[in-house]
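Take a look at the chain below. The paragraphs that follow walk through its helices, its packing and its cores.

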Amino acid sequence: MEPSQARAILLSQHDRLRRLLTQIQVIADRVLEGEGVVAELHEQLEELRAAFAEHNASEETLLEPILRLDFAWGPPRIQRMLEEHAAEHAMFRETLAGPDLEVAERMGDVIEEIDAHMAAEERTFLSPSVLRDDILNVEEGS
Ligand SMILES: [Fe+2]
Ligand SMILES: [Fe+2]
């Protein structure tokens, strides 16, 4: 897969996650104020957990081979970055797990952290200058 294609997939998953997070914040607030429907919160949280798991799996699978081609970074640095990145994903998975009402209570913090994670990705390894299609040509020496 071309780096630009991988980038487009991952960025569209980010958009979907942002939309889901915004919706969930509204539902979580309503439920916490005693006005919302708990079943709806549950459904949305399940969708978020699934979307987040899917995105993290795509990111961990798609990025590694692409970043390895960018020899300017060097394998140890890439390895370290990917490990730190996967550790953050695992932390988010834990934060999103647990009883729905508890997750609803920490939703504000969760959203802030996930938002910061995605924004950092978009500034670094999802930026067009990192995921550029000519990495492949440079690697092939053409
Ligand atoms: Fe990530
Ligand atoms: Fe991401």
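Leaving aside neighbours within four places in sequence, which residues is A104 in contact with? They are A28, V31, L32 and L41. Contact here requires C-beta atoms, placed from the backbone, within 7 Å. We return to this spot below.

First, the ground rules. This is a predicted model, in which local features need pLDDT of at least 70, side-chain atom pairs count only at pLDDT 80 or more, and totals for chains, interfaces and linings use all residues. Residues are numbered from 1 along each chain as its sequence is written, while chains are lettered from A and ligands numbered from 1 in the order in which they are written.

Now the overall layout. The protein chain has 6 helices and 0 strands. Helices (H or I, at least four residues) and strands (E, at least two) are DSSP runs, numbered from the N terminus. Along the sequence the pattern reads α-α-α-α-α-α. The C-alpha atoms fill a box of roughly 65 × 25 × 20 Å along the principal axes. Of the contacts between residues at least 6 apart in sequence, 75% join residues at least 24 apart. Buried residues account for 18% of the 142 residues. A residue is buried if 20 or more other C-beta atoms, placed from the backbone, lie within 10 Å of its own, exposed if 12 or fewer, and partly exposed in between.

Start at helix α1, residues 3–32. Its 30 residues reach 42 Å from first C-alpha to last, close to the expected 44 Å. The expected span is 1.5 Å times one less than the number of residues. Buried residues in α1 are P3, R7, L10, H14, L17, L21, I24, I27, A28 and V31. An α-helix has 3.6 residues a turn, so residues three or four places apart point the same way. After α1 comes G34, with a positive phi near 80°.

Next, the pairing of α2 (residues 38–69) with α3 (residues 75–96). Their axes come within 11 Å and cross at roughly 180°. Axes are lines fitted to C-alpha atoms over the stretch in contact, and angles run from 0 to 180 degrees between N-to-C directions. The crossing makes α2 roughly antiparallel to α3, a label for angles over 145 degrees. On the α2 side, the contact residues include L48, F52 and L67. On the α3 side, they include I78, L82 and F92. The contact divides into 9 nonpolar, 2 polar and 4 charged residues. Ala, Val, Leu, Ile, Met, Phe, Trp, Tyr, Cys and Pro count as nonpolar, Asp, Glu, Lys and Arg as charged, and the others, Gly among them, as polar. Helix α3 itself has 22 residues and reaches 31 Å, close to the expected 32 Å. G98 follows, with a positive phi near 100°.

Back to A104 and the cores. A nonpolar core is a set of buried Ala, Val, Leu, Ile, Met, Phe, Trp, Tyr and Cys residues joined through C-beta atoms within 7 Å. In the largest one, of 16 residues, I24, A28, L41, A104 and M107 touch the most other members. Helices α1, α2, α4 (100–105) and α5 (107–123) each supply at least two residues. The largest share, 6 residues, comes from α1. A second, separate core of 5 residues includes L63, L67, F125 and L131.

E47 sits in α2 and has 14 other C-beta atoms within 10 Å. H117 sits in α5 and has 17.

Notes: Parallel < 35°, antiparallel > 145°, perpendicular 65-115°, else oblique. Contact = placed C-beta atoms within 7 Å.
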